[in-house]
Amino acid sequence: MNTYRRGWTLRRRVLALLTVVGVLLVGLAVAEAVVAAKNRAYTDALLTRTGPLRVQGQEMLNALLDQETGIRGYAVSGNRADLAPYEQGVQQERDVAATIADLSRDYPAIAGALRTAQQQAADWRQTVAEPVITTTERSGTAAGQALITAQARQQFDEIRASVGDLQAAILAERERGARDIERSGNMLVMLLIVAAVVVVLAGTLMLLSLERMVIRPLTGLAQQVREVAAGDYQHHIAGSGPPEFRRLADDVDVMRQKIAKDLAEVRAARENIEWVNSQLQKQAEELTRSNRDLEQFAYVASHDLQEPLRKVASFCQLLQRRYAGQLDERADQYIAFAVDGAQRMQRLINDLLAFSRIGRLTTGFVDVDLNKVMGDVASQTEPGRQYADAELTWGELPVIRGEEPLLTNLLVNLVSNSVKFRRPDVAPKVRVSARLVGDEWEITCQDNGIGIEAEFADKIFVIFQRLHAKDAYPGTGIGLAIVKKIVEYHGGRVWVDTDQAEGTAIRFTLPARPEDVEAAKAAAEADAAATDGDTDAPVDGESPAATADDATPEPVGETADEADPVARPTPVGRQPDGTQHEDPPGGPPGHGTTGGTKERVG
C-alpha cells in the first residue's frame, strides 16, 4: 500500500495537467480581453475624436478665410452686406473652437495649438479687422484699403500657419491612434496564436502522457494476462505506471493465484476421479465377471443341483412311505426332517432363481391391463384362498407399460402374503385398488390380517428377512424382496402404509402412460367447470355449498367402497370393459370368479 502512495495517481496527474492548461488559457483569455478592450477604445477614439478633429481643423481654417475675405470685400466696396462672411466666420470660428476644445480634452498638443490659433485670430481681428471696418465707415474705402498692408497680410499668414500646426497636431494624434490600433490588433493576434500553441502543446502532452501512463501499462498488463490465459498460470503479473494500474495488476495477480490454486485442486480432483473411474471400471469388470459366475451358478443350481436334490427328496419320501411305522418313532421323525429340508431347499433354490432372473430375462415392455392380470392372479392364488376361505376384490385398474409375467408375479406375491398372514378365526379379505397421483399410478393391496409394526416396515423387503418363525408362517422370506425388485425394475417404489388401524396396506407406484395423464387432467378440468357451473346456478331449495359438495369428483381409478377396502363391494360395479351390469348375490356365472372362492371385481 505504501508503494501505491508514492507517486501521483493518474487522476491527480490529469487534474494537474488540466489545471495548468486551464490557468494558462484563462490568463490568455484575460489578456486577450484587455487587449481587445484597448483596441476597441483606440478604434473608438480614432473614429469619434481624431477623425472629427481633423474635419473641425479644416472648418477652423475655412472660418478664418471667410473672415479675411469679408474684411477685404468690405474695404473695397464699403457695402455693409459684404461683412456677412466676416461675421459668419467669427461665429463659425467660435463654434468650431468649442467643438475642437471638447474633442481634444485628452490631447494637450491639440489644445495648445487651438489656443495659439484662437489668440492670433483675436489679435488679427483687434489690430486689422476692426480698424479696417471703423476706418471704412468713417473715411471711406480708400482709407480702409490703406490699412490692409503687407504687415496685416503677414499677420494673417501667421494665423494660417497656426491652423496648419493645429491640423498637424490632429494628424499626429490620428496616426498615433492608428498605430495603437495596429499594435493592439497585433497583440491580440499574438495572444490567439499563443493560446492555440498552448492548446496544441497541452493536447500533445496529454497524448504523450496517455501513451506513457495509460496505454503502455495497459498493453503490458494485457500481454501478461494473455500469457496467463494461454496456460502459463505461474507467470507473475507485475504492474507499471500510475498506482491505480499497479493496484489493478496486483488484483489480477491475486486472481491468477486463486485460479492457479483452483486449477491445481481441479487437476488433483480430476486425477482422483480418473483413479476412481479406473477403480470403478475394474469393479465393473469384476462385477461383470461375478455376474457371469452367478449366471453359471444359477444354471448349475437350476440343473445340476436340483437333480440330486430331487433324488434326495424322492428317496426320502419313498423311505417315509415304505418304512413309516416299521422303524422306531425317532427314525420316522428323522426321515420327516430330511423330507422337509429337501423340499424347503427346492423352494429356496426356485425362489432364488426367480429373484435373479428379474430384469435379466426380459421380454420388453408392452401395454398390460392390470384387470386381466388380476384375473390370472385370482386363478393362481385360488387354492390358498379356498383353503383360507379368503375373499379377493379389486377396483378398476389401469393399463400400464411393463412385463406381464413380472407384474403377475408381483400381485401374486402380494395377494398370497395377505392370505398367508391372516388372523386366526377371521376370514381374510384382500382388496387391490389404484389411483392416479401426478404421473404415477399408486396401487394398494390391503388386507385385514395381522398387520406390520412400523419398526419393521422396511425390513420386510430385505431378502430372507422373516418376522415370524417358519413353523408359524411357512415360506422362504423372499416374496416381498421379489416384489420390491419387480417394482423398481418398472421404475416405481414400494412401501408399507403404517397409518392403517387394522391389517396391512402395501402400496407401490408404477409410471402412468402419457395419454392416461392427459385424460385425467382433461376430466379434472371438465369436473371443475361443471362444479363452477353448478355453484353459480344452484337448484331451487338446494344451497350452493351442497351443490358443490355433490359435484366433487371421485378419485380416478377408485370406487365408492375405497373408504373401507376390506368391505364387501356393492353388487353393481364397473367392469374393466367399461360396461355396467348388476350381478346376482353369488356373482355372475363364470365371470370374475374361480369356482366357489369369494372373489369380486368392484
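**Entry 1. Model type**

I note at the start that this is a predicted model.

**Entry 2. Helix packing**

Two packed helices are described by the angle between their axes and the distance between the axes. I looked up two pairs.

I began with helix 2, residues 10-77, and helix 4, residues 108-139. Their axes are 10 Å apart and meet at an angle of about 15 degrees. Helix 2 is therefore roughly parallel to helix 4, since angles under 35 degrees count as roughly parallel. I logged the crossing of helix 2 and helix 4 as left-handed.

Then I took helix 9, residues 370-380, with helix 11. Here the axes lie 9 Å apart, and the packing angle is about 55 degrees. That makes helix 9 and helix 11 oblique to each other. The crossing of helix 9 and helix 11 is right-handed.

**Entry 3. Salt bridges**

Side chains of opposite charge can pair when their charged atoms come close. With a side-chain nitrogen of Lys or Arg required within 4 Å of a carboxyl oxygen of Asp or Glu, I get a count of 21 salt bridges.

Asp180 with Arg183: the closest N and O atoms are 2.4 Å apart. How far apart are Asp180 and Arg183 in helix 6? They are 3 residues apart, so about one helical turn separates them. Asp180 is buried, at 14% relative accessible area, whereas Arg183 is partly exposed, at 47%. The cut-off I used for buried is under 20%.

Arg256 with Asp253: their side chains form a salt bridge with an N to O distance of 2.9 Å. Both residues belong to helix 7, which covers residues 243-323. Because Arg256 and Asp253 are 3 residues apart in that helix, about one helical turn lies between them. I checked the accessibility of this pair too, and both Arg256 and Asp253 are buried.

Lys484 with Glu488: this salt bridge has its closest N and O atoms 2.6 Å apart. Lys484 and Glu488 sit in helix 12, residues 479-489, with a spacing of 4 residues, about one turn of the helix. Lys484 has a relative accessible area of 28% and is partly exposed. Glu488, at 44%, is partly exposed as well.

I also found a network: Asp367, Arg401, Arg513, Glu515 and Asp516 are joined by salt bridges that share partners.

**Entry 4. A nonpolar surface patch**

Which residues form a nonpolar patch on the surface? I list Met187, Val189, Met190, Ile193, Val194, Val197 and Leu201. Together they have about 590 Å² of accessible area. Val197 is in helix 6, residues 150-229. Its relative accessible area is 40%, so Val197 counts as partly exposed.

I looked for residues other than glycine with a positive phi and wrote down two.

Asp389 is not a glycine, yet its phi is positive, about 55 degrees. Asp389 lies in the loop between helix 10 (382-388) and strand 2 (391-394). With 41% relative accessibility, Asp389 is partly exposed.

For Asp425 I noted a positive phi near 65 degrees. Asp425 is in the loop between helix 11 (404-420) and strand 4 (429-437). Is Asp425 buried or exposed? At 83% relative accessibility, Asp425 counts as exposed.

**Entry 5. Contacts along the chain**

Last, I took two C-alpha pairs. Leu414 is part of helix 11 and is buried, at 2% relative accessibility.

Val252 belongs to helix 7, and Val252 is buried, with a relative accessible area of 16%. I found 7.3 Å between the C-alpha atoms of Val252 and Ile237, which are 15 residues apart along the chain.

Conventions. Residues numbered from 1 in each chain as written. Predicted model: local features only at pLDDT ≥ 70, side-chain atom pairs only at ≥ 80, totals over all residues. Heavy atoms only, no water. Patch = residues over 30% accessible without salt bridge, like charges linked within 9 Å, V, L, I, M, F, W, Y side chains within 5 Å. Areas by Shrake-Rupley, 256 points an atom, 1.4 Å probe, with all protein chains shown as cover. Buried < 20%, exposed > 50% of the residue type's maximum accessible area, 1.4 Å probe, protein only. Axes fitted to C-alpha atoms, helices over the stretch in contact; angles between N-to-C directions. Parallel < 35°, antiparallel > 145°, perpendicular 65-115°, else oblique. Left-handed = near helix turned anticlockwise from the far one by under 90°.
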